[in-house]
Amino acid sequence: MITCPKCSKDNQDHYKFCLGCGAELPRDVAPKPFVPQTPAQGVKVAQVAQSVAPAQPSPAAVLQAPPVAAPAPAAVAGGSVAVTCPQCGHANTTANLFCGSCGFRLGQAAAAATAPKPAPQSSSGPGSIVLTALRADGSEAGTYALPSATMTVGRETGAIFAGDSYLSPRHATFKQTSSRVTVKDEGSLNGVYKKLVRDMPVELRPNDMFRIGQEIIKFEPLAPQTPSPDGVERLGSPAKGYVGRIALVIGRDVTGNAFPIPETGVHLGRERGDVLFPEDGYVSGLHCRLTWDNGKLMLTDLGSSNGSFFRLHEETEIKSGDVLLMGQQLFRVAI
């Protein structure tokens, strides 16, 4: 077990974040020695038959179950209900306040798992899309329920959008139909980005952009130089074995440093990889990778702390739990 230095809660060895307060757990401490809770002489057989349910819960479930006067089997089973983290997909118990894998706050997800299911309602009704602004530490900074099935949000909308000068007045449109919910960039200056799911590749097409940390990166294919009007071939270094390049976006339609992409792919990070960003503290040690697969360039997040984001260029379907980057804010979608 690892004891959280902030709230003193015990956590399992493989957890990265505290289940009690969400703080990052230290990696350089020795695991807490296991102390059995049974007396040295053991427990009588009759007592075991009365106090232990037929289906034994896992040690994690027992540690996380809320204290009760008489631990009935129903209470133990209730504490071991799996709550899937909407950010990383890790299975947690309902007693966990934060995800043990990524630190995401599970308050609403845990409540939804234990609350009675409401009667089915039409998904096309107004106000069923809720955007929650997230701070850098993952805590919530405010929510906004869209008042209609089709709604354009931006700086002029006010509420949680008003204080972000990097949002355009009319930034993005959310549309809800009977079958799906979509978001569309309304030609905003700084774009709409969707957070990638860990280890789930996304295709990058020519001139697509993505963001890691504070770096905005553009994929540019290597197009061969055409001959001059009189048929003379142009001189240049051969590009054999390379599928394109990535360039840092430093202004509107302006790029800076560029790095070639070989067919074998590249890794990006702050400390490890082929392309490094040592000055960007928001980039993880090993952040993401680019791979060339059957004529397509694929971007994959490698479990980075702050995520990798892909810029949307067309109307895109979104689901509950998706995280969007608009302006300088993160918004979690709830449908």
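# Exercises on strands, rings and buried residues

Strand E9 is mostly covered: of its five residues, four are buried. Buried means under 20% relative accessible area, exposed means over 50%, and partly exposed lies in between (1.4 Å probe, protein chains only). Strands (E, at least two residues) and helices (H or I, at least four) are DSSP runs, numbered from the N terminus.

The model is predicted, so local features need pLDDT of at least 70 and side-chain atom pairs count only at pLDDT 80 or more, while totals for chains, interfaces and linings use all residues. Residues are numbered from 1 along each chain as its sequence is written, and side-chain values use heavy atoms, with hydrogens and water left out.

## Exercise 1: the chain as a whole

How many helices and strands are there in the chain, and what percentage of its residues is buried?

Step 1. The chain has four helices and 23 strands.

Step 2. Of its 335 residues, 35% are buried.

Step 3. Contact means heavy atoms within 4.5 Å. Taking the contacts between residues at least 6 apart in sequence, 44% join residues at least 24 apart.

## Exercise 2: the sheet around E9

In what order do the strands of the open sheet of four strands lie, and which are the edge strands?

Step 1. Two strands pair if DSSP finds at least two bridges between them. The order in this open sheet is E7-E8-E9-E21, and the pairing is antiparallel.

Step 2. E7 and E21 (316-318) are the edge strands, since each pairs on one side only.

Step 3. From one strand to the next, the twist averages 30 degrees. Axes are lines fitted to C-alpha atoms (for helices, over the stretch in contact), and angles run from 0 to 180 degrees between N-to-C directions.

Step 4. E8 and E9 run antiparallel and are joined by five bridges. A hairpin of four residues leads from E8 to E9. Lys175 has Thr182 in E9 as its bridge partner.

Step 5. E9 (residues 181-185) also pairs with E21 in the antiparallel sense, over three bridges. Val183 has Thr316 in E21 as its bridge partner, and Val181 stands opposite Ile318 in E21.

## Exercise 3: aromatic pairs

How many aromatic pairs does a search of the whole structure find, and which residues form one aromatic cluster?

Step 1. Rings of Phe, Tyr and Trp (its six-membered ring) pair if their centres lie within 6.5 Å; planes under 30 degrees apart count as stacked, over 60 as edge-to-face and the rest as tilted. The search finds two aromatic pairs.

Step 2. Tyr144 and Phe161 make an edge-to-face pair, at 5.3 Å centre to centre and 75 degrees between the planes. Tyr144 is in strand E6 (residues 140-145) and Phe161 is in the loop between strand E7 (150-153) and strand E8 (172-176), so the pair links distant parts of the chain, 17 residues apart. Tyr144 and Phe161 are both buried.

Step 3. Phe161 and Phe331 make a tilted pair, at 5.4 Å centre to centre and 35 degrees between the planes. Phe331 is in strand E23 (residues 329-334) and Phe161 in the loop between E7 and E8, so this pair ties together parts 170 residues apart in sequence. Phe331 is buried, because its relative accessible area is 0%.

Step 4. Tyr144, Phe161 and Phe331 form one aromatic cluster.

## Exercise 4: Ser308 and Leu312

With which side chain does the side chain of Ser308 make a polar contact, and where is Leu312 found?

Step 1. Ser308 is in strand E20 (residues 308-311). Ser308 counts as buried because its relative accessible area is 0%.

Step 2. A polar contact is a pair of N or O atoms within 3.5 Å; within protein, one must be able to donate a hydrogen and the other to accept it, and residues adjacent in sequence count only if both atoms are side-chain atoms. The side chain of Ser308 makes one with the side chain of His287, at 3.4 Å.

Step 3. Leaving aside neighbours within four places in sequence, the contacts of Ser308 include Lys194, Arg211, Cys288 and Asp301.

Step 4. Leu312 is in the loop between E20 and E21, and Leu312 is buried because its relative accessible area is 6%.

Step 5. Leaving aside neighbours within four places in sequence, Leu312 is in contact with Val183, Asp185, Val192 and Lys194.
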